[in-house]
Amino acid sequence: MPNWCSNSLTISGKKDSVQRIIIKLEMLEDNKGVFEELVGLGDIDQTQYNEGGWYHWNIDRFGTKWDVVKRDFMCGFTLNDDDDEISFSVFFDTAWSPPSGFVLLLSEIYDVSVEIESEEGGNDFFYRAMANKGCWDYEESYEFNQGQYLFNKDYFWDGVVSNTLEYHIEEKGKISKKEIQKLFPYIEDEKDINEIITIGKKLKKELCS
């Protein structure tokens, strides 16, 4: 059973380029793989692939162990259509890692921009990247909690902070600025550090009452 990596993907570009992708997806059967349909398997020995070579080939080409079938790939499909450009967004899971190879190939083959944000708490990573016409505009990796702090503020303050502090208090029984800085070493803003200390003290009172 793999750890499932959650992905948010947005594809944007000229209408004819993006619509090529949408048409292929519309024609694809629900139980067929999207990665193979859109970017192909490449120059592969099909016999070797079928006899076990698929594992490393998929990781090298797609960035992840398995393809994703259409019915799972199209979750939350949202279309934005402007005068000259069009974009759509989807949400889907992949095994263990983000489909970075698929993203880069997709942007090159269809001459589009592809933006992805991925996270997997079990392996402690947060990944975000944008590929444009076969090149990376940026590709960044962070620890899971750091990624939430930088790019998902609501979840960081509502979830990450309280969960981290509760575990720490139950194990250590105390809260100090030095300990907070160890727990959240990526936070440099003094105001945010003080806010976490306040939350920690309040949570300690609740746990001890």
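Which residue in β3 is the bridge partner of Cys75? In this predicted model, Phe91 takes that place. The bridge belongs to the pairing of strand β2 (residues 75-81) with strand β3 (residues 85-95). These two strands run antiparallel and share five bridges. A hairpin of three residues connects β2 to β3.

The pair forms part of an open sheet of six strands. Its order is β2-β3-β1-β4-β5-β6, and the pairing is antiparallel. Strands β2 and β6 (135-142) lie at the edges, each pairing on one side only. From one strand to the next, the twist averages 10°.

β1 and β3 are antiparallel and are linked by 11 bridges. Within this pairing, Trp4 stands opposite Ala95 in β3. Two helices accompany the sheet. Helix α1 (residues 15-27) lies across β1, β2 and β3 and runs at about 45° to β3. Helix α5 (residues 100-110) packs on the sheet, where it touches β1, β4 (113-120), β5 (125-132) and β6. The direction of α5 makes about 160° with that of β6.

Asn7 is a residue of strand β1 (residues 4-14). Is the side chain-bearing residue Asn7 buried or exposed? Asn7 has a relative accessible area of 3%, so it counts as buried, the cut-off being under 20%. The side chain of Asn7 makes a polar contact of 3.0 Å with the side chain of Thr94. Beyond four places in sequence, Asn7 touches residues including Val90, Phe91, Phe92, Asp93 and Thr94. Pro98, Pro99, Ile116, Glu117 and Ser118 are also among the residues that Asn7 touches.

Definitions and conventions:
Residues numbered from 1 in each chain as written. Predicted model: local features only at pLDDT ≥ 70, side-chain atom pairs only at ≥ 80, totals over all residues. Heavy atoms only, no water. Helix = DSSP H or I, 4+ residues; strand = E, 2+ residues; numbered from the N terminus. Buried < 20%, exposed > 50% of the residue type's maximum accessible area, 1.4 Å probe, protein only. Polar contact = N/O pair within 3.5 Å; in protein donor to acceptor, adjacent residues only side chain to side chain. Contact = heavy atoms within 4.5 Å. Pairing = 2+ DSSP bridges. Axes fitted to C-alpha atoms, helices over the stretch in contact; angles between N-to-C directions.
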